[in-house]
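Thank you all for coming; I would like to take you through one model this morning, going from the overall fold to a few pairs of charged side chains. Please have a look at it first.

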Amino acid sequence: MKLNNLNDLLIHELKDIYNAEQQITKALPKMMKATSSNQLKKAFEDHLMVTEQQIERLEKVFELMGEKAKGEKCKAMEGIIREAESMMEERADASVMDAALIASAQRVEHYEIAAYGTVCTYAKQLGMNDVLKLLLKTLDEEKKTDELLTTIAESSVNIKAER
């Protein structure tokens with residue numbers, strides 16, 4: 001795809017995010033299985049449902065833009081997930097593994113916050129208010145998930161891992 005203007009770049013970035021979200025839906029069940037924390041498992045389960053809604057929202061964004069909803073391999077997310085999977089193979093105390101899972105999940109969230117923040121800026125610049133509204137909703141969800149993970153880490157998981 002040739003990038004001739006900001007609209008082309010927006011489409012390119014949306015395809016990247018679309019693929020990243022699909023990769024996340026495959027990774028979250030593995031993370032749920034690897035955690036010993038019921039609170040963290042619930043957070044992962046809830047985020048899986050939210051991620052599925054975010055994929056549907058992206059499909060609506062593509063539709064609004066007159067584009068086909070398809071992904072372009074997100075190598076960054078692939079790397080972040082590969083690193084998380086590698087961590088899950090480590091021999092670790094259950095509470096330490098939970099702390100590591102939160103760290104991995106927050107890497108995912110931080111990537112998504114950056115990606116959605118960027119496409120929101122592009123949509124705003126291009127005057128795509130309907131697209132912007134949908135993308136801002138997802139950006140807000142990603143920030144809330146990151147905050148929730150921090151709360152879980154600081155209130156219980158990291159305390160248990162410290163022992």
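Predicted model: local features only at pLDDT ≥ 70, side-chain atom pairs only at ≥ 80, totals over all residues.

Let me begin with a term: a residue is called buried when its relative accessible area is under 20%, and exposed when that area is over 50%.

As for the fold, the chain has five helices and zero strands. The radius of gyration is 17 Å, close to the 15 Å that the globule rule gives for 163 residues, so the chain is as compact as a globular protein of that length. Of the contacts with a separation of 6 or more, 79% are between residues 24 or more positions apart.

Now to the charges, where the chain carries 23 positive and 29 negative side chains. Side chains of opposite charge can pair when their charged atoms come close, and a search of the whole structure finds nine salt bridges.

One of them joins Asp-46 and Lys-42, with the closest N and O atoms 2.9 Å apart; because these two are four residues apart in helix H2, about one helical turn separates them.

Which parts of the chain does the pair of Arg-57 and Glu-141 link? Their side chains meet in a salt bridge at 2.9 Å, N to O, and this pair links distant parts, with Arg-57 in helix H2 and Glu-141 in helix H5, 84 residues apart. Both Arg-57 and Glu-141 are buried, and together with Lys-137 they are linked in a network of salt bridges.

Methods: Residues numbered from 1 in each chain as written. Heavy atoms only, no water. Rg over C-alpha atoms; globule rule 2.2 N^0.38 Å. Contact = heavy atoms within 4.5 Å. Lys, Arg positive; Asp, Glu negative; His and termini not counted. Charge placed at Lys NZ, Arg CZ, Asp CG, Glu CD. Salt bridge = Lys/Arg side-chain N within 4 Å of Asp/Glu carboxyl O. Buried < 20%, exposed > 50% of the residue type's maximum accessible area, 1.4 Å probe, protein only.
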